Amino acid sequence: MVAALDNAWLISHPGAQVQFRYRISKDCTSVGRSPDNDVVIQGTENVSVSVHHFEINRTADGFRIRDLESTNGTFLNSERIAECELCAPATIRLGTQGPELTFDLSDEIPSAPLEATQVIPPDIVPPPVTGTLDGFLSDAVEQSRRARARGLADQTMTIMRDALDQALRHTGRRFRKVIFALAVLLACVSAAAAWRIIGLNQDKQAIDRKIQTVEAELQQAQNRGEADRLIDELDSYQDEGEQLQRALLYRIGAHQGDFVTNEIRLLMAEFGSEVYSVPPEFSERAHHYIEQYQGPNHPLMERALGESASQINAIQRVLERNHLPADLAYVPLVESALEQAESEAGAVGFWQFTPATAKAYGLRVNSQVDERRDVLKATQAACRYLRELILDFGAGSSVMLALAAYDLGPTRVKQAILKNVQDPIKQRNFWYLYRTRSLPPETREYVPKVMAAIIIGRNPHHFGF
């Protein structure tokens with residue numbers, strides 16, 4: 001059994017964008033999108049992956065898998081789990097529609113096709129050893145050639161490093177020359193890669209400075225024509241930035257910026273509307289509301305993450321079943337402070353439905369019963385309402401516009417947009433509407449407040465909860 005425990009593997013799904021094979025050699029192996037995990041889920045597939053999603057613990061008797069309170073859940077053989085025994089072979093999925101991994105026990109290195117590979121992560125298994133003096137070096141060089149042939153030249157450093165690690169496990173005299181050769185080659189490649197990373201970061205900083213300048217000018221724009229010209233300029237810089245970020249070496253060496261802004265960008269990607277830059281004013285308002293939740297509204301957020309966590313989790317499950325972002329479960333926190341009290345406008349319940357809206361989306365409201373107070377039934381109605389709003393406001397940033405419409409009402413949002421914007425494409429672009437102040441002030445505050453609640457809900461420890 002001990003030998004089997006030493007040959008446990010996590011293997012990417014054959015159709016995955018990023019292919020890898022990871023040997024589980026530690027007592028605790030963490031998986032998630034953050035770089036500090038043992039297994040980092042990269043590429044566009046990680047939109048449903050939490051910062052720290054799940055971990056695998058090795059015991060004397062076998063393995064156990066534990067979900068790390070991930071937003072979208074961990075599924076073992078299609079069943080959502082919190083913690084349970086992990087037996088090979090098994091399929092692990094991160095989120096309902098997220099990437100899949102295979103857990104297996106094998107004395108040999110499992111195969112993983114490289115044809116679809118775009119990135120070889122640092123934990124990829126090194127080239128197989130041929131057993132000859134030149135085996136390590138020739139296998140590593142051959143794999144580097146194959147990578148370059150596929151347009152993956154940036155992977156040379158990873159391949160050489162892994163080959164060196166494999167060679168170091170064989171300390172016999174006959175391997176000293178190849179270890180030295182690999183070490184020299186790795187040092188040269190590392191120096192070249194470091195120089196390139198510096199250049200990429202300088203390029204990004206230049207683009208970001210241009211974007212900051214344009215954003216500042218947008219704040220002072222005197223008319224719609226000037227604002228449109230500046231936004232067109234901004235879009236061109238964002239396109240440059242997005243192309244730069246696709247470079248593997250940039251992803252390896254990039255410096256992380258403001259945490260909240262990065263989380264907003266990640267949420268936008270999960271909402272299906274990835275964006276390179278977020279308006280500074282929007283980030284500033286999100287920061288403001290996070291500080292409110294850390295300060296005067298701390299008891300509310302503490303309750304949402306504590307005694308009301310089971311209700312939030314139940315709402316998330318309903319949203320997921322309706323194929324909506326689970327993070328929208330924090331909308332009721334902003335709407336009602338998780339209270340059932342009635343507002344001055346007659347809205348009741350977590351989702352603050354008026355009688356007319358509640359009835360329109362299937363809830364019973366009469367003198368005998370008020371289903372707005374039933375959290376699960378009200379959430380089901382909210383899903384129908386949100387789906388309709390998302391479809392009504394089109395593609396792109398439609399989730400953000402749906403949030404705006406949920407707050408203000410779709411009719412009033414449409415009236416505000418039509419009054420200020422004639423271009424039908426721009427009418428569907430939340431960030432254009434936000435930058436040009438085409439949305440009412442109340443809505444311009446509501447959306448970053450919801451984002452602030454979501455960001456804390458996803459990262460409670462980061463904010464002291």
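**Exercise 1. The β10–β11 hairpin**

Task: In this predicted model, find how many residues separate β10 and β11 in their hairpin, and which turn residue has a positive phi.

Solution: 
- Step 1. Take the two strands. β10 covers residues 90–94 and β11 covers residues 100–105.
- Step 2. Look at the connection. The hairpin leaves five residues between β10 and β11.
- Step 3. G95 has a positive phi of about 90°.
- Step 4. Read the pairing. β10 and β11 are antiparallel, with four bridges.
- Step 5. Pick out a bridge. R93 has E100 in β11 as its partner.

**Exercise 2. The five-stranded sheet**

Task: Give the strand order of the open sheet of five strands, and say what kind of pairing it has.

Solution: 
- Step 1. Trace the order. It reads β4-β3-β5-β6-β9.
- Step 2. Classify the pairing. It is mixed.
- Step 3. Locate the edge strands. β4 (39–40) and β9 (83–86) pair on one side only.
- Step 4. Examine one pair. Strand β6 (residues 63–67) and β9 are antiparallel over four bridges. Within β9, C84 is the bridge partner of I65.

**Exercise 3. Packing of α8 and α9**

Task: Classify the crossing of helix α8 (residues 280–294) and helix α9 (residues 298–305) from the angle between their axes.

Solution: 
- Step 1. Read off the geometry. The axes come within 6 Å and cross at roughly 85°.
- Step 2. Compare with the range. Angles of 65 to 115 degrees count as roughly perpendicular. α8 and α9 are therefore roughly perpendicular to each other.
- Step 3. Name the contact residues. α8 supplies Q292, Y293 and Q294, while α9 supplies H298, L300 and M301.
- Step 4. Sort them. Three are nonpolar, three are polar and none is charged.

**Exercise 4. Aromatic pairs at Y385**

Task: Characterise the ring pair of F353 and Y385, then the ring pair of Y361 and Y385.

Solution: 
- Step 1. Count the pairs. The structure holds twelve aromatic pairs.
- Step 2. Take F353 and Y385. The ring centres are 6.5 Å apart and the planes stand at 45°, so this pair is tilted.
- Step 3. Locate the partners. F353 is in the loop between α11 (331–336) and α12 (355–360), and Y385 is in helix α13 (residues 375–392). They are 32 residues apart.
- Step 4. Take Y361 and Y385. This pair is also tilted, at 4.9 Å centre to centre and 40° between the planes.
- Step 5. Locate Y361. Y361 lies in the loop between α12 and α13, so its pair with Y385 ties together parts 24 residues apart in sequence.
- Step 6. Check burial. F353 and Y385 are buried, and Y361 is buried too.
- Step 7. W351, F353, Y361, Y385 and Y406 form one aromatic cluster.

**Exercise 5. The whole chain**

Task: What percentage of the 465 residues in the chain do buried residues make up?

Solution: 
- Step 1. List the elements. The chain has 17 helices and eleven strands.
- Step 2. Buried residues make up 51% of the 465 residues.
- Step 3. Turn to sequence separation. Among contacts between residues at least 6 apart in sequence, 57% join residues at least 24 apart.

Conventions: Residues are numbered from 1 along each chain as its sequence is written. This is a predicted model: local features need pLDDT of at least 70, side-chain atom pairs count only at pLDDT 80 or more; totals for chains, interfaces and linings use all residues. Side-chain values use heavy atoms; hydrogens and water are left out. Axes are lines fitted to C-alpha atoms, for helices over the stretch in contact, and angles run from 0 to 180 degrees between N-to-C directions. Angles under 35 degrees count as roughly parallel, over 145 as roughly antiparallel, 65 to 115 as roughly perpendicular and the rest as oblique. Contact means heavy atoms within 4.5 Å. Ala, Val, Leu, Ile, Met, Phe, Trp, Tyr, Cys and Pro count as nonpolar, Asp, Glu, Lys and Arg as charged, and the others, Gly among them, as polar. Two strands pair if DSSP finds at least two bridges between them. Rings of Phe, Tyr and Trp (its six-membered ring) pair if their centres lie within 6.5 Å; planes under 30 degrees apart count as stacked, over 60 as edge-to-face and the rest as tilted. Buried means under 20% relative accessible area, exposed over 50%, partly exposed in between (1.4 Å probe, protein chains only).
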